[in-house]
Amino acid sequence: MDLEKFVQYVHDENKVEPKDVMPDDYRKLLVRQISQHAHSEIVGMLPEANWVSRAPSLRRKMALLAKVQDEAGHGLYLYSATETLGNGTIRADRDATYDDMLEGKAKYSSIFNYPTLSWADIGAIGWLVDGAAIMNQVMLMGNSYGPYSRAMVKICKEESFHQRQGYEILMALCRGTKQQKEMAQASLNRFWWPALMMFGPNDDSSPNSKISMNYRVKRESNDSLRQRFIDVTVSQAEFLGLTMPDKDLKWNEERQHYDFGELPWDEFMEILKGNGPANKKRIETKRKAQRENSWVKDAAKAFADKQNEKVN
């Protein structure tokens, strides 16, 4: 196909649909990005599910259960969007992409390789992690691939609820006892830098971003999204009465943005290599679930096959 015409087509804000002709590298890019997004939703259930049984009230338990269920649904939407990209040569079925994650061939968001040590961490995940996700995913609603773009509309609506839920948890803690506010501050200290690294490497160290932006899959650079997230989050922390854990953070009047300190990129790279605080635990949990619960999928498939036999 004519690559130049295809690039112009997506730059003219047209959507690419599953049956359209598309370059192989565009198809591969989407399989990698959408499936890894799906993996992040599924693995992202684990640090929060860890606190369902320990939520401080029935109301908190119900809200957290609903959120975990939402994340499962997001993963299913995204795996379904990925499957539309298979073409016989490039595999995009759910089993193949999920197995890639279990075997360490595919990544998921680095943020989920950190443990949740306190109830305040559930609030920080909602406020910071889901807040960063929204910043990135609102941009993805306008991406050039139709199924991915449409899936993001529903996902963003639900993530907005998750972000408000997390912020409300921290607001309650910050208005509580001295110990509760200290717990909220400790959680902000732990999750601030990992949340900033969710946007990915700096632009000059992210070759995939340039390709993705050329194909209009990504619409904004990592550094631009990270800066915007910092700018809106600082005032939210001030409202809570919390201190940002960055001694270099200050408003730059000339740029009309906050300046901030250097991110711990060595830590980020170690997590990508599988050496984070919870990498091995997250993957082993998913492998165990795959082993112990495969009978559910087998039973569902057997039932579907039997129903098809009756119809035919």
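Leaving aside its neighbours within four places in sequence, which residues is W192 in contact with?

Modeller: W192 is in contact with L128, F229, I230, T233, M244, P245 and D246, once its neighbours within four places in sequence are set aside. Contact means heavy atoms within 4.5 Å. A word on the source: this is a predicted model, where local features need pLDDT of at least 70, side-chain atom pairs count only at pLDDT 80 or more, and totals for chains, interfaces and linings use all residues. Residues are numbered from 1 along each chain as its sequence is written, and side-chain values use heavy atoms, with hydrogens and water left out.

Now the surroundings. W192 belongs to the largest nonpolar core, which has 82 residues. Y26, W127, Y145 and Y148 join W192 as the residues with the most contacts inside this core. Helix 6 (residues 119-140) gives the most to the core, with 12 residues. Such a core is a set of buried Ala, Val, Leu, Ile, Met, Phe, Trp, Tyr and Cys residues joined through side-chain atoms within 4.5 Å. Buried means under 20% relative accessible area, with a 1.4 Å probe and protein chains only. In soluble globular proteins, nonpolar side chains tend to be buried together.

Next, the rings. The structure holds 10 aromatic pairs. Rings of Phe, Tyr and Trp (its six-membered ring) pair if their centres lie within 6.5 Å; planes under 30 degrees apart count as stacked, over 60 as edge-to-face and the rest as tilted. Y79 and Y98 are edge-to-face, because their ring centres are 6.3 Å apart and their planes stand at 75°. This pair links distant parts of the chain: Y79 is in helix 4 (residues 58-83) and Y98 in helix 5 (residues 94-102), 19 residues apart. Both Y79 and Y98 are buried. Y26 returns here: ring pairs link Y26 with F6 and Y215 into a cluster.

Finally, the whole chain. There are 12 helices and 2 strands. Helices (H or I, at least four residues) and strands (E, at least two) are DSSP runs, numbered from the N terminus. Along the sequence, the pattern is α-α-α-α-α-α-α-α-α-α-β-β-α-α. Buried residues make up 49% of the 312 residues. Among contacts between residues at least 6 apart in sequence, 77% join residues at least 24 apart. The C-alpha atoms fill a box of roughly 65 × 50 × 35 Å, taken along the principal axes.

Terms used:
Buried means under 20% relative accessible area, exposed over 50%, partly exposed in between (1.4 Å probe, protein chains only).
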